[in-house]
Structure formats: C-alpha cells, structure tokens
Amino acid sequence: MLNTANLSLDQAPPISIPFRFFLTAPLFGLAAAGMLLINGPDLFLTRWSPMTLGLTHMLTLGMLAMVMCGALLQMLPVLAGSPVPKVVAVGSICHLMITLGTVMLVFAFLSGSAIGDAVALGMLGGGIILFFVAVMIALWRVKSVSATVVAIRLAVVSLLITLLLGLLLGSGILGTMGFGDIASLVDVHLGWGIFGWIGLLLIGISYQVVPMFQVTPEYPSRLRRLLAPALFIGMLIWTALVLGEIFGALNEIVPRIWMFFLLSGFVIYAVVTVRLQLQRKRRIPDITMMFWRTGMLFVPVCALVWVAGNLSPGIGYNPHYNLLLGVSLLLGVGVSVINGMLYKIVPFLSWFHLQNRQMGLMCMTVKVPNMKEFISDKAARLQFRLFLLALLSALLATLRPDWFAHLAGLFFFASNALLLKNLLVAMLRYRETNRALLAYAESVRVPDGDVD
Amino acid sequence: MEIQLDVSMLEPCEPLEQTLEAIKQLNPGDYLRVLHRREPHLLYPLLEKSGFLWRCRDDSSGGYEIFIWKTDDVAAALDVDSATS
C-alpha cells in the first residue's frame, strides 16, 4: 500500500530535480547510439574491448542508474513515507557528479587516459556515495517497513557494492597487487549491478506500480515478503563462491550452479508479473505495459541464453554469447522497463504538481492537462516501435555485427530522439500551465510559496 | 442525495480526475460516494484545499468507499453519518 497518508508536495523535491535525471537519460541514449553509428561492428567484437565497456557504462550509468536515482529521490516520500534529506542539494550534486563521472569514464575507456579514469572514479564514487547516504537516511527513518522498502534498501546496498567493486577494478589496485583473475571479479561487479541494484529495485517498485498503474491484482504476499531478501542473500553466497573459485578452493561449476538458482528467482518474478498483467481488469492497451511486458519476456530469454552458454562450452566460449546476454539484459530488460516507467512518472508528476497548485489557488480558469495530454499515446507508441526495432537489430548485431550494428545505432538514435522529444513536450506543457497558474496567482495576489 | 462514482477499474490519475470533476457538480445536500480499489491518499490534500471533507471505509470486497461532502454542508454531513453508521 502506498504510504501517502501525509503526502505533501513540501516533502517531495521540486519537479526540476527528477526531471533533470529523466532528461539526461535519453541524451546518454543518443550518445550510445552515436557510438553505434560511428563504430558499428567494432563494438560487437568482444565484451572486453574498451569501446564496448564505454558503451555498456553509458547504458548502465547514463540511462538506467540515471532514471532510477531520479525516480527514487522523487518517489521515496510516496513509496516509503520518508523524504530524502536536503533533497534539492543532494539531487543537484548527485546528478552533476554521476553525469560528469559517466562522461569521464567513457572518455577514459576510449582514450586510456589515467587522469580521466581517476577523475571519473572520483566523481562517480562521490556522487553515488552521497546518493547512498541520503537515501539510506530516508530508508532508515521509515516507520512502516513494507516489502517494497526492504527491496529498495537491499537494492541501494547492492548499488554501493557495485560501486566499490567498480572502484577497485577501475583503480588498477588489483593489478599492482599481482591479482590476476580480474574477469571473475568483473562478473561479480556486473552481477551486483544487474541483479542486485537493477533487479531488486525493479522487484520492489513492481510491487507498487504494477497493481496501481496497470490495474492488476496484487503480487502474492509470500513472494513479496521473501523474494528480494532471498535473492540478496543468494547474491552474497554467490559472491563467496566466486571468491572461493578465484582462490582455488572451489571448482568453477559451483558458483555457476548457484547462479542458476538465482536466475530462477528472477524468472519466477517475471512470470508472476506477466500473469498479473494478463489478469488486468482493464483491457485498454497501454504503452508502459507493453514496455514492461517486453522487459519481463526478456528475463526468461536471458536465463535461457545463460543456461545454453553454461551447458555448451561451444556457446559459452563464443564471444557472441556474452554480447547477446548483455544486449538482452541491458536493452531487453533494463532500458525497456525504465523507458516504460518514464511514460507514467513524467505525466503523473506533471499532472499532480499542477493539480495541487490549481486546487491551492482555487483557480478554475486555467485547465490542467490530464495525463494523456502531456505525452500522446501516438507519439509514445511510435517510440516503442522504434525501440523494438533497435532491440531486434542489436540482438541480431551480436550474431552478424557487419549487417546489423549500424542499423541498431540508427534505430536506437531515432528511439532516443523521440523519447527526448516526448519528455520535452511534457515538460513544456507543464511549464506553460504552471506559468498560467502563477500569472493567475499574481492577478488575485494569492501568496504562493510552492514555486518550482 | 447520494451521487455514486465507481473508479475502481481506472488507472491513475483518472480516479483523481473524475472525483475532482464530480465534486464540482455536487448540489447543496449532496455527497459523493466513490468506489475505489485503493485508498486514494493523494486525493485528500486536494479535497482539503478545495473545502471538502471526506470519510473512508473498507468495503466488503477488499476495496474502499470514500464519502465526500462540502465542509459547510450540514445536511450532506448528516446523510453521510447515517450512510456510514
């Protein structure tokens, strides 16, 4: 249940805070698409090439983490009944440091610059640790601890673990210590990032937004209570098993078998979500739900690709395998879901802020647009189709890079350009109506302290 | 008189929009009875700002009934009392 009994806009940050995160994400999407257009097949040679690592971090930090951090700062008062302390300062600094840190990290990957690498790690480290501390203070103060709050807490701890492992790997400390098995630690880093941070946050948020926005029944209560903690403990055990493998105490098969159980947990979540969506009480097609369904379908697809790669060495040692898994996870699951969420969060926040101001002013002469009027269904549907074409081309590019890599870049560019345009249209409508309401407030001389 | 509004099958923010629209149409003595599948916490501050009072109770099917009336409408308040007692 949303804990909004005492919700007030005084608790939530000004709308400009989440919006700056949301608008930055498609800019990184455009930059990633630009890389695909320029470098094409070279990005699909191996997951270890600096260029591919740069592209990967543009998606994970620039798009996924960007939207997730912005949404959490805005939604914690609603989801957990606990506002983030000093949210304007925290939001502004985190956004700046994560944005510049990601740009510098990509530059460092592409150029090999040690100074660039150090600056990137410093900025990302500072920005994410500040975010972690602020959000954890808010989560610590929560009075009624729901399954969503538990999952968000575990996701934010996973973000910190991902960051610390990233700093360890990026700083080169391990190399100077003579530590050789970097590849396994990179897997632990991305495991915490994808399964811990993205996966657990997605699960926790789903408990609220799927029944609320998609008008479905609630998730089963036992699944809500147990899944996220079980997966987090599972990740800790998996990490210990990988470390056991690195130091020669365990056979490499042991962490792989354990990972199979972890993946099963995520597949159960995806199957339950799709089942709930099929029981929707309202059968009107919805763009957010189509993005979400795409994301949920790719969870079992990723699990199947992983199983195939682990059962057949011929597949597992093929460089295409890791790239196929990466595209399926990052674009198929991650970008699908956050892109879909943006089409709910942005119109809802815009509408709610304006509605609140209109009611406060008792102004009936200025009409507040409804949610559908902020972003039209037609424009969102076209963007969804472009995204699907980008996803399909990127999947095919992992198998035939020379044929499909540029095409994937073209579609991903078009998809992000349209997403950016759709978000900008929503924000312009917000500003127009807000300006009209402020003009009304001025004309009747009603004091108004809630100016964004 | 009771005016009923069923928003239980609508997705956000249509329940809020329709409820806010419906309260504008209330005549003296009228109250609005909203059927909802969730408790609409976001509605309450907006009602407060518009000069309305509300009472929420669980219905028998796991949903909620929200009774809304104008703050100074004594007749509607009495009708809500008898409807919810």
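Author: What follows takes up the meeting of the chains and then a meeting of domains. The model is a predicted one.

According to the UniProt record, an unreviewed entry, residues 5-70 of chain B carry the feature "domain: DUF2249". This span is 29% helix and 33% strand, and the C-alpha atoms at its ends are 16 Å apart.

Chain B touches chain A through 12 of its residues, which are in contact with 19 residues of chain A. On the side of chain B that touches chain A, the greatest contribution comes from helix α2 (residues 43-50) of chain B, which gives four residues.

Chain A itself is divided into three parts: domain 1 covers 1-144, domain 2 covers 147-213 together with 215-267, and domain 3 covers 286-445. Taken over C-alpha atoms, the centres of domain 2 and domain 3 of chain A are separated by 24 Å. To the contact between them, domain 2 of chain A brings eight residues and domain 3 of chain A brings 10 residues. On the side of domain 2 of chain A that touches domain 3 of chain A, the elements giving two or more residues are α7 (182-213) and α9 (253-278) of chain A. The residues on that side of domain 2 of chain A divide into seven nonpolar and one charged, with no polar residue.

Methods: Residues are numbered from 1 along each chain as its sequence is written. Chains are lettered from A and ligands numbered from 1 in the order in which they are written. This is a predicted model: local features need pLDDT of at least 70, side-chain atom pairs count only at pLDDT 80 or more; totals for chains, interfaces and linings use all residues. UniProt positions are given in the numbering used here, feature names are shortened, and annotations may be inferred rather than shown by experiment. Two residues are in contact if their C-beta atoms, placed from the backbone, lie within 7 Å. Domain bounds come from an automatic or database domain assignment. Ala, Val, Leu, Ile, Met, Phe, Trp, Tyr, Cys and Pro count as nonpolar, Asp, Glu, Lys and Arg as charged, and the others, Gly among them, as polar.
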